[in-house]
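Subject: Structure for you to look at

Hello,

Here is the structure I promised to pass on. Please open it first, then read the notes below.

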Amino acid sequence: GFFGVNCESAVAPSSCASSPCLHSGVCTDTGAGTFSCACASGWSGLTCATNVDDCASQPCQNGGVCTDKVAGFSCACLAGWSGATCATNVDECASSPCLNGGSCTDGANYYTCSCVAGWRGKNCETNVDECASGPCKNGATCMDEVNGFLCACSAGWFGATCESDVDECAAAPCLNGGTCTHGVDYYTCAC
């Protein structure tokens, strides 16, 4: 177009007429054939052609790998971490992996169980065999329990581990002044 009293002057074309601002940037004609762009979020540069590197600030924590997006980023978290920036430690104890009264301590991508007495193993799943050390004496049979054992004593023996010989003469079984001599599970009388 033209302007003036007699339409003698040509109108200079707008610097924004060619839509120089990319990616939804808003163009402003600044005069003398120049323009400026107000870039949409995630874009920068004279014509909004440069994707802002949202990973430049290293937003992913704990070894997470950042992938840049337009006006954002995503983090691929290492095992044991979660959340938008991998800042949340996954609670491996949430599933209650420790059995038989064991207590769980959470770590980064691992857990440990503290077992109560009588149990062992990664998850406190194995009953400790207290009979393995052979605590029962004198031919007794050992019966394992949780955090303990019982001894079934052979005839003539008593005590927690069958360590004591039964004194068969204690009841004075010999009559008429006989002398009692005791053995293991027997006695004899000398008349």
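A disulfide here is a pair of cysteine sulfur atoms within 2.5 Å. C77 and C86 meet that cut-off, with S to S at 2.1 Å. Keep in mind that this is a predicted model.

**Disulfides**

How many disulfides does a search of the whole structure find? The search gives 14. Three of them are worth a look.

Start with C16 and C27. Their sulfur atoms are 2.0 Å apart. The torsion about this S-S bond is about -80 degrees, so the disulfide is left-handed. C16 sits in the loop between β2 (9-10) and β3 (26-31), while C27 is in strand β3, so the pair ties together parts that are 11 residues apart in sequence. C16 counts as buried, at 17% relative accessibility. C27 is partly exposed, at 24%.

Back to C77 and C86. Their link is left-handed, with -90 degrees about the S-S bond. Is each end buried or exposed? C77 is partly exposed, at 29% relative accessibility. C86 is buried, at 0%.

Then there is C153 with C162. A disulfide joins them, S to S 1.9 Å. The link is left-handed, at -90 degrees about the S-S bond. C153 is partly exposed, with 30% relative accessibility. C162 is buried, with 0%.

C191 is in no disulfide. The nearest cysteine sulfur belongs to C189 and is 6.4 Å away. C191 is exposed, at 97% relative accessibility.

**The whole chain**

Which secondary structure does the protein chain have? It has 20 strands and 0 helices. The C-alpha trace spans about 160 × 20 × 15 Å along its principal axes. The radius of gyration is 45 Å, whereas a compact globule of 191 residues would have one near 16 Å. Of the 191 residues, 23% count as buried.

Now take contacts between residues at least 6 apart in sequence. Of these, 15% join residues at least 24 apart.

The chain exposes about 11,800 Å², and carbon and sulfur atoms supply 55% of that area. It carries 4 positive and 18 negative charges, and their mean positions are 5 Å apart.

**One threonine**

T161 lies in the loop between β17 (157-158) and β18 (164-165). Why does T161 count as buried? Buried means under 20% relative accessible area, and T161 has 19%. Leaving aside neighbours within four places in sequence, T161 is in contact with P135, C136, K137, F149 and C151.

Best wishes

Conventions
Residues numbered from 1 in each chain as written. Predicted model: local features only at pLDDT ≥ 70, side-chain atom pairs only at ≥ 80, totals over all residues. Heavy atoms only, no water. Helix = DSSP H or I, 4+ residues; strand = E, 2+ residues; numbered from the N terminus. Rg over C-alpha atoms; globule rule 2.2 N^0.38 Å. Buried < 20%, exposed > 50% of the residue type's maximum accessible area, 1.4 Å probe, protein only. Contact = heavy atoms within 4.5 Å. Areas by Shrake-Rupley, 256 points an atom, 1.4 Å probe, with all protein chains shown as cover. Lys, Arg positive; Asp, Glu negative; His and termini not counted. Charge placed at Lys NZ, Arg CZ, Asp CG, Glu CD.
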